[in-house]
Amino acid sequence: METLSANRAFGGVQGVYRHASSATGTDMTFSVFVPPHEAGAKLPVVWYLSGLTCSHANVTEKGEFRAACAELGLILVAPDTSPRGEGVADDPDGAYDFGLGAGFYVDATQQPFAPHYRMWSYVTQEAPALVAEHFPADMARQSIMGHSMGGHGALTIGLRHPDRFKAVSAFSPIVAPSQVPWGQKALGGYLGSDRAAWRQHDAVALIEDGARLPELLVDQGDADQFLAEQLRPELLEAACRAAGQPLTLRLQPGYDHSYYFISTFMAGHLRWHAERLFAPQDRAIASQSPF
């Protein structure tokens, strides 16, 4: 693993790293913030999955998470959104919603994407092993969150690994990719035409099929330009209601899809995660949570 940068921030270290991935067959870059901590301490890990067109850099530079992570004692890991590099297939028309920057957190089965687009394996297997090896991470205390396409990834990964993640939340997630244009294009392109295979990567479908979590937190701006066509949080709300899946869904008035929205509510989400990552006797640090 190569360190590309390491900067002091809020008493901790914000690093950016690169390594050769066996899952994707490419070099992969990711960022990790390690807060100040006592020598030998192991800290809970929050995974943040980014959205379309993004890389690790978007949340690292715009997410405004470091102060809260330093206060709460949380490591935050931000992987990339797709493989990149020479020989990696892209959308033939150069569209932003498929190909590079748009891996949708699945393992592709269709050519020419199958050799490299293995973001599900990368995020759920390879990256956690790397973090466990190189950082002071307590892998028994993990949670996951994400934005837009990354919110889709956080929900589906969390629903399929309920014993691994103690908290799951999302900003403006694509909750039902099988029912919206972004998701139909991506799941069809990466997984093929068999819609049964899509259900494993669709939060609404997973809940309908019996997947459960103790609770979910979703924030959505009501001025989001993608709300009606691509995000459709009402589908998640209906599925959760029918299944008895606890969900806190908050429509935030006047907020859009941008990192201005995410950064506004980031600290609140991290406090919510901390309350679920720390044992009751250790939760005083998160006692100021607004939730």
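Good morning. I shall begin with T81, which counts as buried at 0% relative accessibility; buried means under 20% relative accessible area, computed with a 1.4 Å probe on protein chains only. The model is predicted, so local features need pLDDT of at least 70 and side-chain atom pairs count only at pLDDT 80 or more, while totals for chains, interfaces and linings use all residues. Residues are numbered from 1 along each chain as its sequence is written, and side-chain values use heavy atoms, with hydrogens and water left out.

T81 sits in the loop between β5 and α3. Helices (H or I, at least four residues) and strands (E, at least two) are DSSP runs, numbered from the N terminus. A polar atom of the T81 side chain lies 2.5 Å from the backbone oxygen of C54. That side chain of T81 also reaches the backbone oxygen of G101, at 3.4 Å. Leaving aside residues up to four places away in sequence, T81 touches, among others, S50, F104 and M149, where contact means heavy atoms within 4.5 Å.

P79 lies in the loop between β5 (75–78) and α3 (119–134). P79 is buried, with a relative accessible area of 1%.

Finally, which strand holds G15? G15 belongs to strand β2, residues 12–20, and is buried at 0% relative accessible area.

Notes:
Buried < 20%, exposed > 50% of the residue type's maximum accessible area, 1.4 Å probe, protein only. Polar contact = N/O pair within 3.5 Å; in protein donor to acceptor, adjacent residues only side chain to side chain.
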